[in-house]
Amino acid sequence: MSTDTAVEPRGQVNDHQTPVISVRNLWKVFGPNAERVPGSAELAALSRRELRERARCTAAVREVSFDVAPGEVFVVMGLSGSGKSTLVRCLTRLIEPTAGEVVFEGEDILRADKKRLRELRRRKFSMVFQHFGLLPYRTVVDNVGYGLEIRGAGRAERIRRATEVIELVGLDGYEHSYPDQLSGGMQQRVGLARALAGDPDVLFFDEPFSALDPLIRRDMQNEVIRLHRQVGKTMVFITHDLSEALKLGDRILLMRDGNVVQAGTGDELVGAPADDYVRDFVQDVPRADVLTLRWIMRPSRDTDQLDGPELGPGVIVRDAVRTVLAADRPVRVVENGELLGVVGHAEVLDIVAGNQVGA
Amino acid sequence: MATTTMTGSSTRTTPRRRITKPLAVVGLLALWLVAWTLLRGQDMLELPRATLTDLHHWLNDVNDSVGASRNSSPIFLYFFNEIRAVMDALVTFVQGLIAQPAYARPVPVLGWLGVVALVSYASWAFANWRVALLAAGGFILFGLQGLWQESMDTLALTLVAVFVSLLFGIPLGILAGVSDRFHRLITPVLDLMQTMPTFVYLAPLTLVFLIGPASATIATLIYAMPPAIRITAHGIRSVPAPPVEATDSFGATRRQRLTKALLPLSKRTIVLGVNQTIMAALAMVTVAALIDAPGLGKTVIKALQTTDVGTAFNAGVAIVVMAIVLDRVTTAASVRAEQGGGEPNPRIRRLLLAGFGLVAAVCSYLSYTYLWASEFPEGGQLGEYLSQGATTVTTWAQHNLADVTAAVKDGVTIALLNPLEALLAESPWWLMGAVIVILAALIGNLRAAAVAAVCVGLLVGTGLWNASMITLAMTLVATLLVVALGVVIGVWMGRSSRADRVIRPVLDAGQTMPAFVYLIPVVALFSVSRFSAIVAGVVYAAPVAIKIVADGVRAIPESTVEAATAAGSNTWQTITKVQLPMARQSLLLATNQGLIYVLSMVVIGGLVGAGALGYEVVAGFSQGQLYGKGLAAGVAIVVLGIMLDRIARAAAQRSDRAPSPNHT
């Protein structure tokens with residue numbers, strides 16, 4: 001399984017929790033007779049290009065497995081063509097997967113009939129789209145209430161709930177505007193409100209901020225973080241932007257050509273890249289912003305004076321720099337009263353100056 | 001035409017193949033000329049007007065036996081006759097409402113005041129007050145022209161045809177929009193309906209549905225339904241994906257997806273389809289006068305048959321006005337469908353709606369009850385003034401412009417038409433057939449040659465080979481003129497925005513006019529002759545060709561033209577070396593469309609002296625013993641159309657592939 005590639009110390013943050021969504025060996029193959037590809041060991045082993053030449057099929061998602069824990073922000077990241085958007089659509093069967101399992105709260109979604117699937121989409125999931133997908137002839141309040149309308153809610157209830165959510169995303173005052181009267185960022189807030197209105201269990205985001213300006217994008221990312229704290233929904237977030245992934249994601253799944261390259265927390269990706277592709281990918285990340293003391297501490301030596309300041313292993317390096325540099329002896333990294341290691345001037349300066357760790 | 005384009009653009013490609021092809025065509029033409037001088041006049045397969053072949057007799061017999069079985073055969077009793085009865089009932093019902101005395105009354109249910117009030121009210125409610133004024137003015141004009149009843153007959157038939165077209169067309173269009181399989185199934189059918197010269201299916205229809213309003217309405221809806229289906233399907237298919245996907249993601253059912261996303265998002269396009277359907281229906285209803293449809297078309301035909309230009313002009317004006325009113329009102333309605341009314345206060349609008357509705361209802365009641373509001377008052381002599389004016393202008397033109405018009409007419413007739421007709425029609429049929437097939441192989445491909453061979457065989461089979469060749473000669477001359485106009489005016493419009501702004505509305509107006517109306521000024525200027533028929537075809541086909549060329553020239557990237565200018569090209573060089581070669585696809589398309597449009601005017605041309613196939617079709621409608629021959633002539637027109645279309649398409653494909661060595 002792909003998550004195995006992640007190294008200790010925190011391979012799966014939520015080992016002890018029951019996952020909300022559990023994906024096993026998921027395939028999506030486009031092309032004639034696509035269903036024979038996952039079953040055939042020979043075809044499944046081919047590279048993307050060989051598969052296209054041999055079987056005229058394109059494998060957008062290949063044997064992907066992962067778990068999403070309740071309440072976490074799970075980011076799927078990859079460049080365009082890596083299969084991430086197809087993957088997220090397979091989870092709610094907006095695109096029909098070719099093979100595999102998607103277990104949601106103990107139920108295999110791929111086996112659900114049309115009615116059950118509609119019910120799940122109406123009550124449990126909702127999605128925010130890259131190009132918003134708003135209906136231009138409806139006002140903001142009618143767009144936000146759209147999902148409720150689809151599931152048959154009455155008009156009064158729709159308006160009440162929509163007004164609530166519009167306030168939540170900071171759009172009050174625009175209830176009766178039309179989408180084309182709003183800026184891109186505000187339109188996506190409408191999309192966000194529409195997704196929240198049905199009070200779903202899981203929110204899917206398909207590159208929601210890629211079409212926005214950098215400044216607006218930052219605002220919207222902060223908005224998502226705020227909303228996540230406020231409503232605590234499980235979120236599956238698709239992006240091609242590494243810094244966005246690191247900023248939002250509790251855990252990140254990196255895809256390439258339909259395969260999982262690595263899955264883990266942000267600091268695992270940066271600290272322990274699974275291969276050269278990941279290493280290349282995370283090369284320009286400011287490491288001090290991502291890595292924690294756990295990644296740079298060294299075992300204490302006999303010569304160390306062990307009465308310096310004490311910090312946890314989860315502290316980000318950037319936040320520890322002042323403490324470490326101000327102390328005249330190494331900082332002790334302590335978890336649950338146990339000494340894990342120490343961090344001195346040399347370790348911190350290595351990271352800030354940009355030297356490699358875990359390479 | 002295709003050959004010249006090919007040579008023009010092929011200077012840098014492989015020389016061997018490029019040079020032999022045009023040489024082969026020239027060689028073929030030379031051989032043909034030599035053979036023609038030797039064999040001229042042999043095996044022409046001429047058929048005198050009153051003579052019938054076995055096929056024609058057989059078709060007459062079919063007609064008779066169909067007529068005899070009309071009240072016995074189950075397929076008639078339970079199918080065709082039922083359709084005819086429903087159509088008749090619908091038409092009679094609407095006619096009774098607005099056009100003809102009905103329900104034991106000496107006048108229709110609604111008189112002129114009621115109709116004008118209701119039309120204006122509907123125009124205002126669905127569109128805006130400006131088009132409502134236009135509609136009121138237009139309808140009052142019909143009365144002043146003394147053509148109230150004829151106009152209402154035309155309107156009644158149009159309304160019924162549009163109603164039935166939309167009743168079936170929009171659901172079929174929605175189905176074609178959401179189902180790929182149905183879309184694949186129906187597209188070739190619609191293609192066929194649209195490439196087939198439209199006046200041709202009148203004949204087979206009369207075989208089944210008799211002559212009269214029912215046949216006319218069915219012919220009209222065959223013509224008017226394809227745009228409704230096609231545009232609705234297009235509207236649904238071009239709805240952007242994101243909102244639809246979002247709708248799915250909320251768990252919408254198929255029905256919700258349709259009613260909440262697809263239909264609202266394609267509303268404007270569908271209303272545009274309604275507009276196209278109405279215009280097509282109006283055009284066809286006037287032409288359906290050929291099979292005894294009541295209304296303005298009939299007035300025009302009768303007048304044309306007696307060369308009474310004045311009366312024809314008066315009725316023509318009414319047709320044009322009706323076209324303008326219907327077009328503007330539905331266009332304005334589609335704009336409103338997209339943008340909303342823009343009224344500041346919906347409550348005031350509701351009040352106004354109710355108020356004006358009451359006024360319209362009162363007017364309707366008045367026109368139901370009182371004669372003055374029912375029959376349009378006499379004394380409006382406008383129609384007579386228009387007729388007399390037109391007659392005066394015609395007489396003046398015939399006396400004073402005779403030199404000019406005769407020169408043009410004789411020039412084209414003597415220089416182009418006569419030689420070509422002699423060449424085509426006086427060659428032995430086997431020589432002519434062979435030339436067509438070989439030419440198709442040379443400028444098109446083998447498949448086109450095979451189609452051409454089959455078509456030649458069918459034309460001989462109809463017994464109307466000679467007439468077909470005469471029609472072909474006229475069609476080619478007309479197409480040549482259409483393409484010439486298309487290139488000259490199209491390039492001008494493509495290069496100059498100002499020319500485009502001035503000319504395009506004229507072309508648009510020309511395209512919304514029912515084809516019939518063109519005949520009136522043409523007959524006025526050139527009287528009844530083969531040349532008049534050609535001019536009518538050219539006037540009908542030129543707007544399409546010009547627009548296609550203009551759009552093609554306009555679509556050439558600015559930078560390419562700029563580069564040519566920077567390289568020091570003068571205007572002529574820019575046109576001939578950059579713009580025309582790059583717009584080659586458009587030129588070919590314009591040629592193809594020009595051909596089809598010209599050919600679809602052949603039957604109409606038969607009314608104004610075209611002779612040949614067009615005449616046979618028209619004669620077939622009016623004289624029972626010529627029915628079979630007319631039907632065969634209709635088939636021959638379709639066969640000619642298919643043959644020319646396939647050859648032109650194959651040539652276009654070939655020249656499309658020609659420049660590829662340059663790119664690789």
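Domain bounds here come from an automatic or database domain assignment. This is a predicted model, in which local features need pLDDT of at least 70 and side-chain atom pairs count only at pLDDT 80 or more, while totals for chains, interfaces and linings use all residues. Residues are numbered from 1 along each chain as its sequence is written, and chains are lettered from A and ligands numbered from 1 in the order in which they are written.

**View 1. The two domains of chain A and where they touch.** Seven residues of domain 1 of chain A and five residues of domain 2 of chain A make the contact (two residues are in contact if their C-beta atoms, placed from the backbone, lie within 7 Å). For the classes, Ala, Val, Leu, Ile, Met, Phe, Trp, Tyr, Cys and Pro count as nonpolar, Asp, Glu, Lys and Arg as charged, and the others, Gly among them, as polar.

**View 2. Chain A meets chain B.** Here 19 residues of chain A are in contact with 13 residues of chain B. On the chain A side, helix 5 (114-123), strand 6 (125-128) and helix 7 (146-150) each supply at least two residues. Helix 5 of chain A gives the most, with four residues. The chain A side divides into nine nonpolar, five polar and five charged residues.

**View 3. The six-stranded sheet of chain A.** This open sheet runs in the order 6-7-8-3-9-10, with mixed pairing (two strands pair if DSSP finds at least two bridges between them). Strand 6 and strand 10 (259-264) of chain A take the edges with a single partner strand each, so one side of each has no neighbour in the sheet. On average, neighbouring strands of this sheet are turned by 15° against each other, direction ignored. Helix 9 (residues 184-197) of chain A lies across strand 6 and strand 7 (202-206) of chain A, and runs at about 180° to strand 6 of chain A. For such angles, axes are lines fitted to C-alpha atoms, for helices over the stretch in contact, and values run from 0 to 180 degrees between N-to-C directions.

**View 4. A closer look at strand 3 of chain A.** Five of the five residues of strand 3 (residues 73-77) of chain A are buried, so this strand is largely enclosed by the rest of the structure. A residue is buried if 20 or more other C-beta atoms lie within 10 Å of its own, exposed if 12 or fewer, and partly exposed in between, with C-beta atoms placed from the backbone. A:Val73, A:Val75 and A:Met77 point one way from the strand, and A:Phe74 and A:Val76 the other way. Strand 3 of chain A pairs in the parallel sense with strand 8 (residues 234-239) of chain A over five bridges, and A:Val73 stands opposite A:Met235 there. Strand 3 of chain A is also parallel to strand 9 (residues 251-256) of chain A, over four bridges. In strand 9 of chain A, A:Leu253 is opposite A:Val76, and A:Leu254 is the bridge partner of A:Met77.

**View 5. Two residues with positive phi, A:Asn33 and A:Glu63.** Most residues other than glycine have a negative phi. A:Asn33 has phi near 50° and sits in the loop between strand 1 (21-30) and helix 1 (36-39) of chain A. A:Asn33 counts as exposed, with 10 C-beta neighbours inside 10 Å. For A:Glu63, phi is about 45°, and this residue belongs to strand 2 (residues 58-68) of chain A. A:Glu63 has 18 C-beta neighbours inside 10 Å and counts as partly exposed.

**View 6. The three-stranded sheet of chain A.** The order in this open sheet is 11-12-13, with mixed pairing. Strand 11 (310-311) and strand 13 (338-343) of chain A are at the edges, each with a single partner strand, so one side of each lacks a neighbour in the sheet. Strand 11 of chain A runs parallel to strand 12 (residues 331-335) of chain A, joined by two bridges, and A:Leu311 faces A:Val333 across the pair. Helix 16 (residues 317-326) of chain A lies across strand 11, strand 12 and strand 13 of chain A, at about 130° to strand 12 of chain A.
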